Amino acid sequence: MKMYLTMAWRNIWRNRKRTWITASSIGFAVFFACVMQSMQLGSYERMIDNSVRFFTGHLSIHQEAYWGEKILDNSYDRDQLAGLPMDPDQVMLSVPRISSFALASSGRQTKGVMVNGINPQDEAAMSGLDEKVVDGVYELEDGALIAAGLAEYLKIGVGDTLVLVSQGYHGVNAVGQYPVKGLVAFPVPELNQSAVYLSLSVAQRFYGAEGLITSYSLLLNSPGQMAAAQQSIEAALDGSELSVMNWREMMPELVQGIELDYYGGLIMIGILYMIIGFGIFGTFLMMTKERTYEFGILTAIGMKKPRVQLMVSLEIFFLTFLGVILGLMASAPIITYFYLNPIRITGDAAKAFENFGYEAIIPFSIDPMVFYYQGVVIFILALMLGIYPILYVKRLQTIKALKE
C-alpha cells in the first residue's frame, strides 16, 4: 500500500499545471460554497440576536395568558420570581420589563406606539440601548427615549414633550407627558417606527401597575443551553400562574421565515454544486484523457487493472483533499474579516432593505459548521465524480490505448 501511496503522490506532481488546475477548481467550489453559506447563516444569526435582545430574550417568564392576549391585566409581581433558579453558567442577564401599547402625540401628529418600561442599566447590558442613542443622552429619569423614525413622524426632537394616552392596569386611564431625553436608531426597522422607552418605575406609574411587570427576559450564555434552562425553570414554576417560553415559541413567524429562506438557499447552493460538479468533472476528464497512453503502458507491462484503479483513486483523493484545504484556507480569512466588518448597505438599496423589514447590513457567520459541511460535501462530490476515471481504466483496451 505504501508503494501505491508514493506512486500516486508522485504522479499528481509530475504534471503540476494539471494538478493545480484540478485542485483550484475544487478549491473555488469550496470557497464560494463557504462564502454563500456564511452570508446566509450570518443573516439568520443577526436577525435572531436582534429579536432576542430587543424583544423576548432567549427565554421569557410571564403570566400564562399574557402571550396570547398581551394585556396589562396579565401582569404579575416580580416578587413571585423569588427563589427562581438562575444558574450563572446558563443565564447571562435577566431583565424585567413592562410593555404595552399607547397613543403617542405631539402637536397634531399621533401614532400608535409600543411603550417599554425598562431598567436602564439592565437594558444597556441586554440590548446595548445606550449605544443606539443618536441625539441627546441616555437618561430615563422622568423622561423618555424614542425611536428616531418615530421622532421624525411626530416632528419631535430632544427637549420637546411627548404625550402618551393609553388604558392602564384593570382599565384605569393612563395619561402622561414626558420630555424627550434622547433619540435612538435601531437595526430593526419595526422598532425604529414605534418604540418608546420609559424607566420601569415611571412606566409602572403611567399604567397604574406599581410593582408589576409583564415579562422577565433571560439572555443565555449560549443558545444551545436554552432547552436545559427552560426545563429547570418550568420545574421551578410548576403549580404557579407563571410560565416560561423560548424565543422560538414566541416568534414562530421568524422561525418559519428563516426555515423558508434556508430551504431556498439550499436550492441555490444545490445549483452552485451542480455547476461546480461540471467544472470538476471537466478537469477529471482532461486528466484521464491525457493519461490514456500511460495507462496502456502500465497494463502492457503487467500491472493489473485493479491496481491501476487503486493508484488513480489515491490520486483523486490527494487532489480532492488538496483542493478542499485550499478552498478552506482561502475562505476562512475573508469570512472572518467580513464577520468583524459586516458589509453595510447604503443609499436606495438600504431603504429597500428596510422597506422589507430587514436591517441594511450583510453579516457573515464564523460557525465552524459552515466550513465543515461545505468541505465535506465538496469532498464527497469530487470523490463521486472521481468514479469516472476508475471506470475508464476498467474499460481500457491496452492495444487501443498504446495507439493514442
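Biologist: In this predicted model, how far apart along helix α2 are aspartate 49 and arginine 53?

Modeller: Let's start with what joins them: aspartate 49 makes a salt bridge with arginine 53, and their closest N and O atoms are 3.2 Å apart. Both residues sit in helix α2, about one turn of the helix from each other. Counted in residues, that spacing is four.

Biologist: Is aspartate 49 buried or partly exposed?

Modeller: Buried would mean under 20% relative accessible area, and exposed would mean over 50%. Aspartate 49 has 35% relative accessibility, so the label is partly exposed.

Biologist: Staying in helix α2, is threonine 22 buried or exposed?

Modeller: Threonine 22 is found in that helix, which covers residues 16-56. Leaving out residues up to four places away in sequence, threonine 22 touches Thr283, Phe284 and Leu319. Its relative accessible area is 0%, so threonine 22 is buried.

Biologist: Back to salt bridges, then. Which residue pairs with glutamate 139?

Modeller: The closest N and O atoms of this pair are 3.3 Å apart. Glutamate 139 is in the loop between β5 and β6, and its partner is in strand β8, 42 residues away, so the pair links distant parts of the chain. That partner is lysine 181.

Biologist: And how many residues separate arginine 205 from aspartate 142?

Modeller: These two form a salt bridge as well, with the closest N and O atoms 3.6 Å apart. Arginine 205 is in helix α7, while aspartate 142 is in the loop between β5 and β6. The pair links distant parts of the chain, and the separation is 63 residues.

Biologist: On to the rings. Is the pair of phenylalanine 317 and phenylalanine 321 stacked or edge-to-face?

Modeller: The structure holds 16 aromatic pairs. In the pair of phenylalanine 317 and phenylalanine 321, the centres are 6.3 Å apart and the planes are 15 degrees apart. Planes under 30 degrees apart count as stacked, and this pair is stacked.

Biologist: Which ring does the charged end of lysine 70 sit over?

Modeller: Look for the charged end of the lysine side chain, 4.0 Å from the centre of a ring. That ring belongs to tryptophan 67.

Biologist: Which element gives the most to the nonpolar patch on the surface?

Modeller: The patch has about 750 Å² of accessible area together, and its residues include Met369, Tyr373 and Leu391. Two elements give two or more residues to it, α14 and α15. With six residues, the one that gives the most is α14.

Biologist: Last one: how far is the C-alpha atom of serine 217 from that of glycine 159?

Modeller: Serine 217 has its place in strand β11 and counts as buried, at 0% relative accessibility. Leaving aside neighbours within four places in sequence, its contacts include Phe55, Leu93 and Met126. Glycine 159 is 58 residues away along the chain, and the C-alpha separation is 31 Å.

Definitions and conventions
Residues numbered from 1 in each chain as written. Predicted model: local features only at pLDDT ≥ 70, side-chain atom pairs only at ≥ 80, totals over all residues. Heavy atoms only, no water. Buried < 20%, exposed > 50% of the residue type's maximum accessible area, 1.4 Å probe, protein only. Contact = heavy atoms within 4.5 Å. Phe/Tyr/Trp six-rings, centres within 6.5 Å; stacked < 30°, edge-to-face > 60°. Lys NZ or Arg CZ within 6 Å of the ring centre and 35° of its normal. Patch = residues over 30% accessible without salt bridge, like charges linked within 9 Å, V, L, I, M, F, W, Y side chains within 5 Å. Areas by Shrake-Rupley, 256 points an atom, 1.4 Å probe, with all protein chains shown as cover. Salt bridge = Lys/Arg side-chain N within 4 Å of Asp/Glu carboxyl O.
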